[in-house]
Amino acid sequence: MDLLPRPKQRQPPRLINARTFRLYILLLLGGFIIILTLLSYIAQPVGPDKPSCRPVWMYPSYARIKAFDESYTLYAKKYSLYLYREQGKDHIPEEKQGDGDANTSNAKVQLHGLPVLFIPGNAGSFRQARSIAARTSELYHEQVGKQEGGSDSMIGLDFFTADFNEDFTAFHGRTMLDQAEFANEAVKFILELYSNSPKSPKSVIIIAHSMGGIVSRIMPTLPNYVEDSIETILTLSSPHSAAPLTFDGDLLRIYSAVDQFWYKGFHYENSDDNNDNKVKKLDTTREVTEIAHKRLQNMALISITGGAVDLTLPADYTTLGFLVPKTNGFTSFSSGIPMVWSPIDHLAVVWCQQLRTRIAYALLDIVNMSRKEDRGDEGDDERNDGKEDHIKWLQQRMRVFKRYFLSGYEPYVLEGEFREEDAEKEGKSFDIQVDEKTELAKENIKYSLGGGGKEGGESNAKLYFKLNSEKKLHFTLLSSAQSTADKGRLVLDSLAQVYLCKKKFTDHRAKDGNLHHHCTSTDVLQNVIPNVGKKAHHVSDSSYDGDLPPFYNLELDSSLLSQYDYLIVQTEKAKAEDSVLTVELTNMAYTDVMEGNVFSLLTIGNSIILPKDRALMTEVKVPQAWNSLFVYKVKFKTNNLYHHENENNENILDNTLNFNTFVRQYTSQPFETKWHIDVEDTLSMTMHGVAPYIPFGTQDDYSMNLQIWTGDKLSMSTHRELKITILVDLMASLKLLILRYRLTIVAFNIAIICMVMIAQLKRGYEFPNFIQTLVFVHWKLLVPIILFLIGINYIVHVSFIESFLQFVNPVKVLGIRTNVLGESGSGNSAVASQFHANLLYLGLKEKFTIVGIILYLVSYFVISVTYYIIILVGILITLLLRFVPKRQLSRSMVKSRSILRFTKIQAITTMIILGLVTIFIPYQIVYLVCCLIQATNVIKFWPQTTRTRGNARQMFVFNYQISWLMLMLWILPINVPILIVFIHNLAVNWMTPFSSHHNVLSILPILIFVKYNNNGIGGIALDKDDHDDDDDNEEEVEAKVETEIVEAEAEEEGEAKELILENCLDIETDSKKQRIERKEAEGNGEERDAVKKYVLGMFVVLLMFAVIYGSRYTFFIHHLFNLLCCVVIVWLYYSQNGKKAIKRARFDKEVEAVIKQS
């Protein structure tokens, strides 16, 4: 049964009908979504999502290390190694005369510190290292100048940087391996440069940007890795969780293998049995597990991401997930890094002034930290002592990184930070005498000890709180800082000291009659936060090089307070008029949970009302907000003005606070923090929780949390009830939607084209117009399509169906793991129970979603625009071809119309191309050539302006050609990245054979297929019995032959006859004898119809693969299209074989008769 109806009698044209109206509606919806998306990209971010990186200055110089040549690595022909030197501060190697590169022989290079190797990312430059390197050099020389010992008292850093000639590592897996091999050899060479140093380093610190972070993770997996040569890796906006582009199968294979290696390395377990260490089998290869564990057990990996403003790489891709345990690494968002507090785009992350300063301070602290600090018992044997030294060294580095790159509120940061024994060693634990007549401070009262009065705040003020272990108490301190403080290092400069005290004597009283307490300072728990005073309007005002000093905050909950008897707040510093120092001890509930569900969050919003007697800091948990695809609009509204009665205590806050209301937005997984200051009524919030295709912990909490400090804003006063409403901002969310589904739109485009071509092929006797078929399909099947897009998301969430779809995933043929988390035989069943990744369809956690419909509308619009662009370009080309002499054009057209015949030149050219594919060029080059050939086929069969019965067949041919061109053009983006890599290699004179993609079978069927298409409709036999057109067809034969004879009059007689015969052999017409001759081809027709079913089946397979797997395995669409071409070639062969001989005999007789008459 045909999907499309057969044509009826011609009716008067209508300006618009039901079908075209639906076309316009779908086009308008798709275009409207795209316009809204573009507007959301143009709109400037606000609040903590507004980038605020400050400009940087430096005086860079680069010394190329010529000694690192081909004797060390083959890749020295393509890549280079440079040493960075800051002019005016670092020693710059001398230059050879007549040579622009510096002489970097061991005798003349002065290396005074520990080595750092910078690895650039996709198309990145080695010069990107200059920002961090220059800042580190500046801070080093500043601190050396302040210390008595000079340069001997501190260790600096020597920055080396790899020059990869701006290679495209995101496009090509083999390029990543090349860079990793080169980097390993570079690390080995760098360490050799220090061989004559008194204290030669044993490892190199790696700083990597973007895809350079993946290169750094590949390095320990390669055979040329030097053991223990890398202990610290700091990555900037690197896609650890998933490959950002899936156009190359090699890249996905490398990702899978590297993830497996890292997982094995951190999940190695020993069990002692008769002094024989046995590996608990987490995988099938014990040797690989042992090597991975040995190389990674002391590795620290820190992933820093810029957050929401990174439009090149979604920040969700930078999370470490299941790869690295928290003992060895974490992910940090720049919006939460103290003294940075700014989102950073993909390129600015290497030069942002605030972030590079923070990184420089952290690196200097790491290299100047004593590795022997806090060593274990010196009497241990050498083997255990060395192992313990490695563990302690890892813990020391991780402690520094946590303090520098996390907000400080995370329980992960606070683990082991507050210890009484540590405070005693640092002199922060001592006894305090308390007068028994001292008045105790009250609970649930906000005490303001800062300035604000005309004479400023008190100095040497104290508050004494008695703690009750039976109550759930919470303590809050908010303090401004001294503007003269060194904001670089982790030095507390709060206006107050907070002590937790225990009674020292059993009788609770000393001989002098006073109570003695052993108190421990909580300085280590105070966190630096943005300035929230009256003068601050943006978080960047108090970041590095800002105009305002930061604030400090201390939050202590009952889990810690219950262990002590008293809490003492003491300030001895004089305070300015605008200083802030507010404290509160409350027994009121300070946490609450917002009720509601995801559906109400999307429609009317979820709300919660906070009481007027709430604590200074109130925390609200929003369990419905966990999706990274949404932008959340948070509204604050107050009610019921409440007048607080002053209790005649000068320190008690009555009406005002000297700071504005501010909010800390955070998620527990991953560690993301954003600060919203100067809050009034409405906030726009983005977050990174559960994201498409990214592994997430099944037991982890990804929900959004809000910590609200109520300050001096009348509309936000603690004397009023506060209603908080959270609603999804759908229009703003489109930006995040398109950002994460760029590859899905390509896959959906291919799926829609396949659906249209299925409808076209089912007509059999004719090939209707592409856009008309697109309209008709959606006129008939729009509701089923919508139900399919919604229902398939439910289907892929069914456990056994999901497992089955992963099992039948055809990419397994190429050796790619379809589920790195829990594939059978992968040894990852343990991690599969803790983590999950949705890799099918849209990759969403929720079951009901309209995201598929939105993407489909966008693809519908894009496909329609693509068609009309092709038509417009074709019209322009055909107009230009009118200026080409008809004689020359006619001869070229006639010669090209040969049925399945390769001339000698074509055969030789094809063999040369296939030979080059085998040894030198990638097959993607040939695919581009095939697209160009198919484009010429469309131009060749461009329809005439006049409408006749003969032209109807020409329109079918044209429709056939343009449909295939549409499909090939949208598969072209899958092949373009490899083309870019190949062209780039030629541009940098890297003339070695391309390292991958040489499979001739991956392109040969497509090449043959476009050759078939050169004949028009490729010899497809049209099934319609068009005997009514026989007379007209004979007239067309005679007219065309006469035309060709006239045009060939000036040519030699033999050549003219040859051209005429070739042209006639390709004319798609039927004669009067066709009805009789068709019976002889019935057997062939049955075979043709059987093969046609396989063609339709392959289209269905390609369509379903594009929808279900296309987002994460986009590269395989090319291979399925290649297989489709194989089946179509067989179909075309059977279509032609039965009629070719009959047509030739018939046309020979007709041409002979016409020529004689002429």
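Helices, of at least four residues, and strands, of at least two, are taken here as DSSP runs. By that assignment, residues 964-984 are 100% helix and 0% strand, with end C-alpha atoms 29 Å apart. The model is predicted, and the average pLDDT of the protein is 79. The protein has 1158 residues, of which 57% count as buried, and its secondary structure comes to 28 helices and 31 strands.

**Confidence**

- A pLDDT of at least 70 is reached by 74% of the residues.
- Residues 453-457 stay under 50 in pLDDT, and the model gives them nine contacts beyond four places in sequence.
- Residues 641-655 are also below 50 in pLDDT, with 23 contacts in the model beyond near neighbours in sequence.
- Where pLDDT is low, the predicted coordinates should not be read in detail.

- The unreviewed UniProt entry carries the annotation "transmembrane region" for residues 21-43, 741-761, 773-796, 848-881, 902-919, 964-984, 1094-1110 and 1116-1134.
- In the model, residues 773-796 are 96% helix and 0% strand, and the end C-alpha atoms of this span lie 30 Å apart.
- The buried residues of helix 21 are Tyr 923, Gln 924, Val 926, Tyr 927, Cys 930, Cys 931, Gln 934, Asn 937, Val 938, Ile 939 and Lys 940.
- An α-helix has 3.6 residues a turn, so residues three or four places apart point the same way.

- Among contacts between residues at least 6 apart in sequence, 82% join residues at least 24 apart.
- The largest nonpolar core holds 204 residues, and Ile 724 and Leu 967 have the most contacts inside it.
- At least three residues of this core come from each of domain 1 (60-93 + 111-145 + 153-269 + 286-369 + 391-406) and domain 3 (591-639 + 656-733).
- Another core, of 75 residues, lies apart from the largest one; among its members are Ala 300, Ile 344, Ala 362 and Phe 671.
- Leaving out residues up to four places away in sequence, Leu 967 touches Ile 750, Ile 753, Cys 754, Met 757, Phe 1099, Phe 1121 and Leu 1124.

**Asn 749**

- Asn 749 sits in helix 14, which runs over residues 742-761.
- Asn 749 counts as buried because its relative accessibility is 0%.
- Beyond its neighbours within four places in sequence, Asn 749 contacts Ser 859, Val 862, Ile 863 and Trp 970.

**Strand 27**

- Thr 682 belongs to strand 27, residues 682-686, and Ser 684 lies in strand 27 as well.
- Thr 682 has 41% relative accessibility and therefore counts as partly exposed.
- Ser 684 counts as partly exposed because its relative accessibility is 30%.
- Thr 682 and Ile 724 are 42 residues apart along the chain, and their C-alpha atoms are separated by 9.6 Å.
- Ser 684 and Val 728 are 44 residues apart in sequence, with a C-alpha to C-alpha distance of 9.6 Å.
- With neighbours within four places in sequence left aside, Thr 682 is in contact with Lys 633, Val 634 and Lys 635.
- With residues up to four places away in sequence not counted, Ser 684 touches Val 631, Tyr 632 and His 676.

**Backbone geometry in loops**

- The peptide bond from Gln 669 to Pro 670 is cis, and its omega is near -10°.
- Pro 670 is placed in the loop between strand 25 (662-667) and strand 26 (672-676).
- Asp 228 is not a glycine, yet its phi is positive, near 60°.
- The loop that holds Asp 228 lies between helix 4 (212-218) and strand 6 (230-236).
- Asp 228 counts as partly exposed because its relative accessibility is 40%.
- Met 339, also not a glycine, has a positive phi of about 70°.
- The loop that holds Met 339 lies between strand 10 (329-333) and helix 7 (353-367).
- Met 339 has a relative accessibility of 2% and so counts as buried.

Technical notes
Residues numbered from 1 in each chain as written. Predicted model: local features only at pLDDT ≥ 70, side-chain atom pairs only at ≥ 80, totals over all residues. Heavy atoms only, no water. Core = buried A, V, L, I, M, F, W, Y, C linked by side-chain atoms within 4.5 Å. Buried < 20%, exposed > 50% of the residue type's maximum accessible area, 1.4 Å probe, protein only. Domains from an automatic or database assignment. Contact = heavy atoms within 4.5 Å. pLDDT = per-residue confidence, 0-100. UniProt positions renumbered as here; feature names shortened; annotations may be inferred.
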